[in-house]
Every structure is written in structure tokens, then in C-alpha cells.
Amino acid sequence: DTINDLSEVYEPIKPTVYDYCDALITNVTGPVISESPDCEGAITYTWTYTDCSGKFSHDWTYTFTIDRIDFTVPEDDTETISCIADLYTPQNPSVNDAYGNPITDVTGPVISENPVCEGDVTYVWTYTDCSGKFSHDWTYTFTIEREDFTMPQDDGITVACAADIAAPAVPEVKDNCGNVLTASEPVISQTPYCDCFITYT
């Protein structure tokens, strides 16, 4: 009999056997049960039949072949975060094989490379059952989506002459993740003929 798990083993019904003279053989010993495999393999139940003369003896064996079936893992999970600094190692789920036994052969996480700014970072665990035939990945994906940052209040100064204008020092501005931003070159409005504003943006 081919079964899928050790829990499905049962004691078979041994056959009725007659000797050469059609007399029922009653000297039957057994079953002798082989050692159970750790995962897949065979388990045998063996009975020994001996005729009344004691000269002739034969075994009858019933073999269970344990052949595992595939298992499933939970659906992958995702999370959206704002900054690479918000990354952490997620808790991978507990996974059972098709018969409710915990899978202990778990490797990972394998972590993908961080994006330069926005993008995905994946943490991948691999689950393998005791037979080694079936293996599945479970993935946790962080999607990094930046949030907007705030600027200081605009600033200004009053000067008497256009010749007194000098490029102002720009303030230090950080993005929402605390990284210092690099400012572009200023866009300078046209110098007025007399009284007016000149802006450096």
C-alpha cells in the first residue's frame, strides 16, 4: 500500500494459508514490524507461517511505502514604508507540511539590495519538507515610497543698491528621512531699474 504519512499506517489483515495437504496452517507468528522511517520510505509487517511438520516455513510481508505529497505556504506579505531606515527583519510564518507537522528546514532571509531612493526590498525564506522533494519560498516585500518634506520659511533682506546684492547662503534642508538635500543653482530674477524685488530661488 502506498500512503502519504506515517499516521496512515495500520495493521494489515494477514491471509489464510493452507499447507500442501489443504490443512489450515495455525502456527503463525508476527507481525514483525520494521523500524519506521523518519520521513519517506518503507515499513514492513511480516508474518511467518510454519506447517505442522516444522520443516517448512515461509514469510508473508505487507509493505507500506510512504510517499509524501506537497505542502503550501501562506500568501506573501507586503508593507509600505517611507525610508530605508524603516526596514526591519519581518517575522516569517510557521509552516506545516501536508500532514500538520511543523517544517523545521527553513533558510533565510535572503535580502535584496536596497534601492537608491524608492523601490522594493524583499526578504525571502525557503521552506523544505523532510523528504527534500518539496520546497517553497515565502516573501515579505517592503515598498519604499518617499513622503514629502518641508521647507523653512522664505527669507529676505532689504538693501539700498543693486550692487549690494550677494548670493545668500541657502538653509540646510533635509528630506522626510533626515537626509540633507543638495540645492540647485539659484534662479535669479531680473535686476530692476530702481526699487523692486530681486529673488534667488
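**Structural briefing**

Lys133 counts as partly exposed because its relative accessibility is 43%; buried means under 20% relative accessible area, exposed means over 50%, and partly exposed lies in between, with a 1.4 Å probe and protein chains only. The model is predicted: local features need pLDDT of at least 70 and side-chain atom pairs count only at pLDDT 80 or more, whereas totals for chains, interfaces and linings use all residues. Residues are numbered from 1 along each chain as its sequence is written, and side-chain values use heavy atoms, with hydrogens and water left out. Strands are DSSP runs of E with at least two residues, numbered from the N terminus.

**Salt bridges**

- Side chains of opposite charge can pair when their charged atoms come close. A salt bridge here is a side-chain nitrogen of Lys or Arg within 4 Å of a carboxyl oxygen of Asp or Glu, and the count under this rule is five.
- Asp5 belongs to the loop between strand 1 (2–3) and strand 2 (27–33), and Arg68 to the loop between strand 4 (57–66) and strand 5 (77–81), so the pair ties together parts that are 63 residues apart in sequence.
- Both Asp5 and Arg68 are buried. A network of salt bridges links Asp5, Arg68 and Asp97.
- Glu40 and Lys133 also meet through their side chains, at 2.9 Å from N to O. This pair links distant parts of the chain, 93 residues apart: Glu40 sits in the loop between strand 2 and strand 3 (41–50), and Lys133 in the loop between strand 7 (119–128) and strand 8 (135–144). With a relative accessible area of 26%, Glu40 is partly exposed.
- Arg146 forms a salt bridge with Asp175, whose closest N and O atoms are 3.0 Å apart. Both residues lie in the segment after strand 8, so the pair ties together parts that are 29 residues apart in sequence.

- An open sheet of mixed pairing is formed by four strands in the order 1-4-3-2; two strands pair if DSSP finds at least two bridges between them. Strand 1 and strand 2 stand at the edges with a single partner strand each, so one side of each has no neighbour in the sheet.
- The pairing of strand 1 with strand 4 is parallel and extends over two bridges. Within it, Ile3 has Ile66 of strand 4 as its bridge partner.
- Another open sheet has four strands in the order 5-8-7-6, again with mixed pairing. Its edge strands, strand 5 and strand 6 (105–111), each pair on one side only.
- In this sheet, neighbouring strands are turned by 15 degrees against each other on average, direction ignored. Axes are lines fitted to C-alpha atoms, and angles run from 0 to 180 degrees between N-to-C directions.
- Strand 6 and strand 7 pair in the antiparallel sense over five bridges. The bridge partner of Val110 in strand 7 is Val124.

**Largest pocket**

- A pocket is an open set of points on a 1 Å grid over the protein atoms alone, where a 1.4 Å probe fits and protein lies on both sides within 12 Å along at least five of seven lines; lining residues have an atom within 4 Å of a point.
- The volume of the largest pocket is about 1500 Å³, taken as the space filled by probe spheres set on the points, which are joined across faces, edges and corners.
- Its lining has 38 residues, and those nearest its centre are Asp155, Pro168, Ile198, Thr199 and Tyr200.
- By class, 26 lining residues are nonpolar, seven polar and five charged. Ala, Val, Leu, Ile, Met, Phe, Trp, Tyr, Cys and Pro count as nonpolar, Asp, Glu, Lys and Arg as charged, and the others, Gly among them, as polar.

**Backbone geometry**

- Most residues other than glycine have a negative phi, and most peptide bonds are trans.
- Gly30 and Pro31 are joined by a cis peptide bond with omega of about 10 degrees, and Pro31 is in strand 2.
- The bond from Gly108 to Pro109 is also cis, with omega near 5 degrees; Pro109 is in strand 6.
- Asp22, although not a glycine, has a positive phi of about 65 degrees. Asp22 lies in the loop between strand 1 and strand 2 and counts as exposed at 63% relative accessibility.
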